[in-house]
Amino acid sequence: MSDEIVQPGVGDPDDLERLWTPHRMAYIRGENKPADGTSGECPFCRIPALGDEEGLVVHRGELTYAVLNLYPYAPGHLMVCPYRHIADYTETTDAEAAEMADLTRAAMRVVRSVSGADGFNIGMNQGPIAGAGIAAHLHQHVVPRWLGDQNFMPIIGRTKTLPELLVDTRSLLADAWA
Ligand SMILES: [Zn+2]
């Protein structure tokens with residue numbers, strides 16, 4: 001008797017690559033999710049105090065910063081956040097809103113130059129009802145898109161484990177930003 005598992009009906013292998021994203025399970029399960037909306041529980045308040053590598057910070061502005069998303073929808077998925085713990089876009093000062101726009105444009109240029117992204121989704125989810133994961137602290141998503149995504153950035157080897165991948169992505173983008 002053989003231990004081989006036979007699965008009739010699985011069909012023939014195709015040429016598609018599978019993007020295995022176990023890291024998203026932590027997000028789906030709600031790990032690292034703040035217990036409440038206070039700044040003490042807030043990852044976007046905590047990140048700027050960390051080193052660039054540890055916090056996956058790509059660029060630090062005067063009023064806002066750019067950080068890699070720990071649970072990326074696509075490689076190079078960045079977020080631009082004010083340092084201030086504010087929830088709503090209308091609470092930004094003129095200077096904060098202007099710098100968020102500056103960093104968003106810079107992030108697009110940098111990601112495009114490093115990865116050749118074909119397009120972007122950019123935006124803010126305002127409130128849990130709108131899909132904000134961390135609703136208490138404003139953040140603008142910059143999500144690069146490729147024709148036929150989700151492919152990894154061609155420049156990054158796809159056999160690397162995810163933490164290495166994010167650290168590599170961070171240094172690539174930070175170097176290109178400088
Ligand atoms: Zn915060």
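Reader: Which residues touch the most other members of the largest nonpolar core?
Author: This is a predicted model. Its largest nonpolar core has 34 residues. Phe 44, Val 58, Val 67, Leu 68, Leu 78, Leu 173 and Trp 177 touch the most other members.

Reader: Which helices and strands each supply at least two residues of this core?
Author: The strands are β1 (57–60), β2 (64–68), β3 (78–82) and β5 (140–145). The helices are α4 (94–115) and α5 (162–177).

Reader: And where does the largest share come from?
Author: From α4, with seven residues.

Reader: Why would nonpolar residues gather like that?
Author: In soluble globular proteins, nonpolar side chains tend to be buried together.

Reader: Back to Leu 68. What does it touch?
Author: Leaving out residues up to four places away in sequence, its contacts include Leu 56, Val 58, Leu 78, Met 79, Leu 166 and Leu 173. Gly 76, His 77, Thr 169 and Arg 170 are also among them.

Reader: New topic: the sheet. What's the strand order?
Author: β1-β2-β3-β5-β4, an open sheet of five strands. The pairing is antiparallel.

Reader: Which strands are at the edges?
Author: β1 and β4 (119–123). Each pairs on one side only.

Reader: How many bridges join β1 to β2?
Author: Three. As for partners, His 59 is bridged to Ala 66 in β2.

Reader: Which strands does α4 touch?
Author: α4 packs on the sheet and touches β1, β2, β3, β4 and β5. Its direction makes about 160° with that of β3.

Conventions
Residues numbered from 1 in each chain as written. Predicted model: local features only at pLDDT ≥ 70, side-chain atom pairs only at ≥ 80, totals over all residues. Heavy atoms only, no water. Core = buried A, V, L, I, M, F, W, Y, C linked by side-chain atoms within 4.5 Å. Buried < 20%, exposed > 50% of the residue type's maximum accessible area, 1.4 Å probe, protein only. Helix = DSSP H or I, 4+ residues; strand = E, 2+ residues; numbered from the N terminus. Contact = heavy atoms within 4.5 Å. Pairing = 2+ DSSP bridges. Axes fitted to C-alpha atoms, helices over the stretch in contact; angles between N-to-C directions.
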